[in-house]
Amino acid sequence: MAYKYCVAECWGKGFITHDDASKYQVSGFPGNVWQIPANNQDANLWVNKVAGSFKTKAEAQAIVDVEVTAAQAAWDALPDEQKQQPFNRQRPTAIVLE
Amino acid sequence: MTTYYGLYGQKVQYLASDPTDVQTGQVWYNSTSATLKVRQDVTTNSWGSGGNLNTARYFNAGMGAGTQTAALVFGGFTTGGSQSASEKYDGTSWTNTPSLPSAVAAITGFGTQTAALGAGGTPAPGTANVLSWNGSAWSAGTSMGTAKYGALSEGTQTAGLVFGNVYGPDTVAEKWDGTSWTTTGSLNTNATGAASSGTQTAALIFGGGGPPMLNRTESFNGTSWTTLPGTLNTSRGASLMGCGTQTSALAFGGDTNTFTATAATEIWNGSTWTSNPTGLSTPRSRGGGNGTQTAALASGGFNNTTQVNATEEWSGIVATTKTVTVT
């Protein structure tokens with residue numbers, strides 16, 4: 001499936017309604033990046049509703065990469081005792097947008 | 001000729017405006033809009049956005065017995081470590097409530113928004129500490145028999161069940177009767193990173209591990225645990241979220257074997273897990289899960305890179321008024 005990407009800040013209730021979700025899948029990524037089906041008119045209208053800014057896949061990937069890199073650096077700086085706590089969290093891995 | 005009166009023994013109401021107290025299945029004619037209308041239940045099975053948490057966090061406790069519109073979340077990890085913030089949800093927004101006596105994460109919670117217990121948690125490898133919430137303040141409760149870290153729990157403030165432990169293998173389960181803790185039947189498989197639903201005497205545990213992630217399902221009858229043949233379609237742990245009852249549950253989120261947060265949502269009917277076509281908008285693990293199979297809440301969690309404040313509301317069935325086209 002082909003996707004489009006946008007950046008929008010989730011304001012909370014009503015950002016994605018059940019009506020939205022019943023028509024198409026909106027998937028969130030770090031950096032307020034949202035993925036929607038490319039060839040879905042309702043999904044494209046949703047981007048306007050949330051005042052989203054369309055990004056190319058490469059632009060969206062770059063935003064996500066910045067977030068992942070920052071998270072990896074933060075994890076690397078943790079004391080070993082925190083790194084070793086089960087399920088505290090793992091070192092963030094790269095996210096590749098589809 | 002078949003008539004509505006003949007089928008239901010009632011005439012279709014002729015009204016100038018839509019009634020305010022409408023029951024599912026009710027039919028009426030709106031004379032103003034000249035339309036025939038019916039109230040029906042529509043299965044939506046979708047996640048919509050809820051109000052954002054004031055404090056983004058993961059490994060927070062979400063009240064297993066809380067509801068979608070009356071939930072409580074407390075404790076958890078942030079980038080800076082364990083924290084003490086407590087918040088309640090009213091179906092629209094989160095409001096800060098008095099904080100925990102001290103910062104704690106990996107604490108499990110059960111009860112309601114106004115009468116809850118929090119058990120175990122940091123520091124590693126866990127504590128037997130119990131905190132009690134009366135709707136306005138936290139106080140120390142009676143300690144459990146065993147230390148727990150990232151355990152699961154179900155039930156009420158006076159009839160609870162706490163089981164499992166991230167620092168395992170630990171299959172110990174303890175019952176709380178409002179006064180004291182008693183060890184009960186042990187899990188068949190360690191509860192590390194699993195999720196649960198149900199009550200003190202009819203509980204369900206599913207998933208877990210970290211890694212390898214599990215797809216197992218076990219049920220508790222008040223005395224012992226039984227491994228069930230129905231397994232999750234997506235093996236996941238560390239930690240997924242769940243809510244509902246023993247025979248009507250919802251599983252969502254969690255990490256897959258590569259420690260990647262999943263959005264996958266599955267519905268349990270008492271014997272089989274069914275994958276929902278759509279999942280969480282924000283894939284996450286280690287968040288809070290509240291509510292029922294048809295009205296659930298996912299709050300906070302970890303999205304592969306950081307803690308999130310996003311809340312999502314699950315709607316299984318929504319009552320909708322439909323206009324009937326007559327030819």
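Which residues point one way from strand S8 (residues 86-89) of chain B, and which point the other way? In this predicted model, Ser86(B) and Lys88(B) lie on one side of S8(B), while Glu87(B) and Tyr89(B) lie on the other. All four are buried. The pattern follows a general rule. In a regular strand, side chains alternate between the two faces of the sheet.

S8(B) has partners. Strand S5 (residues 71-74) of chain B pairs with S8(B) in the antiparallel sense, over four bridges. Here Ala71(B) stands opposite Tyr89(B). S8(B) also pairs with S9(B), again antiparallel and over four bridges. In that pairing, Glu87(B) faces Asn96(B). S8(B) and S9(B) form a hairpin with four residues between the strands. Gly91(B) in this hairpin takes a positive phi near 100°.

The chain continues beyond S9(B). Ser99(B) sits in the loop between strand S9 (94-97) and strand S10 (108-111) of chain B. Apart from neighbours within four places in sequence, Ser99(B) contacts Ser84(B), Ala85(B) and Ser86(B). Ser86(B) is one of the buried residues of S8(B). Ser46(B) is 53 residues from Ser99(B) along the chain, and their C-alpha atoms are separated by 32 Å.

Several backbone features fall in loops. Two peptide bonds of chain B are considered here. The bond from Thr122(B) to Pro123(B) is cis, with omega near 5°. The bond from Ala124(B) to Pro125(B) is also cis, with omega near 5°. Pro123(B) lies in the loop between strand S11 (116-119) and strand S12 (130-133) of chain B. Pro125(B) is in the loop between S11 and S12 of chain B as well.

Positive phi values occur in residues other than glycine. Phe59(B) has a phi near 60°. This residue lies in the loop between strand S3 (35-50) and strand S4 (61-62) of chain B. Phe59(B) counts as buried because it has 31 C-beta neighbours inside 10 Å. Asn32(A) has a positive phi of about 60° and is not a glycine. Asn32(A) has 15 C-beta neighbours inside 10 Å and therefore counts as partly exposed. The loop between S2 and S3 of chain A holds Asn32(A).

Chain B is divided into domain 1 (4-43 + 317-324) and domain 2 (46-315). The centres of these two domains, taken over C-alpha atoms, are 40 Å apart.

In chain A, helix H3(A) has 20 residues. From its first C-alpha to its last, H3(A) reaches 28 Å, close to the 28 Å expected at 1.5 Å a residue. Its buried residues are Ala60(A), Val64(A), Glu67(A), Val68(A) and Ala71(A). They cover an arc of only 100° around the axis, so they lie on the same side of H3(A). An α-helix has 3.6 residues a turn, so residues three or four places apart point the same way. The cover over the buried residues of H3(A) includes strand S1 (3-7), S2, strand S3 (33-37) and strand S4 (53-55) of chain A. The face turned away from the buried side carries the exposed residues Ala58(A), Val66(A), Ala73(A) and Asp76(A).

The two chains also meet. In total, 28 residues of chain A contact 35 residues of chain B. Helix H1 (18-23), strand S2 (27-29) and helix H3 (57-76) of chain A each supply at least two residues of the touching side. H3(A) gives the largest share, four residues. By class, this side of chain A has 13 nonpolar, twelve polar and three charged residues.

Methods. Residues numbered from 1 in each chain as written. Chains lettered and ligands numbered in written order. Predicted model: local features only at pLDDT ≥ 70, side-chain atom pairs only at ≥ 80, totals over all residues. Contact = placed C-beta atoms within 7 Å. Nonpolar A, V, L, I, M, F, W, Y, C, P; charged D, E, K, R; others polar. Domains from an automatic or database assignment. Expected span 1.5 Å × (residues − 1). Buried ≥ 20, exposed ≤ 12 C-beta atoms within 10 Å, placed from the backbone. Arc of directions from axis to C-beta. Pairing = 2+ DSSP bridges.
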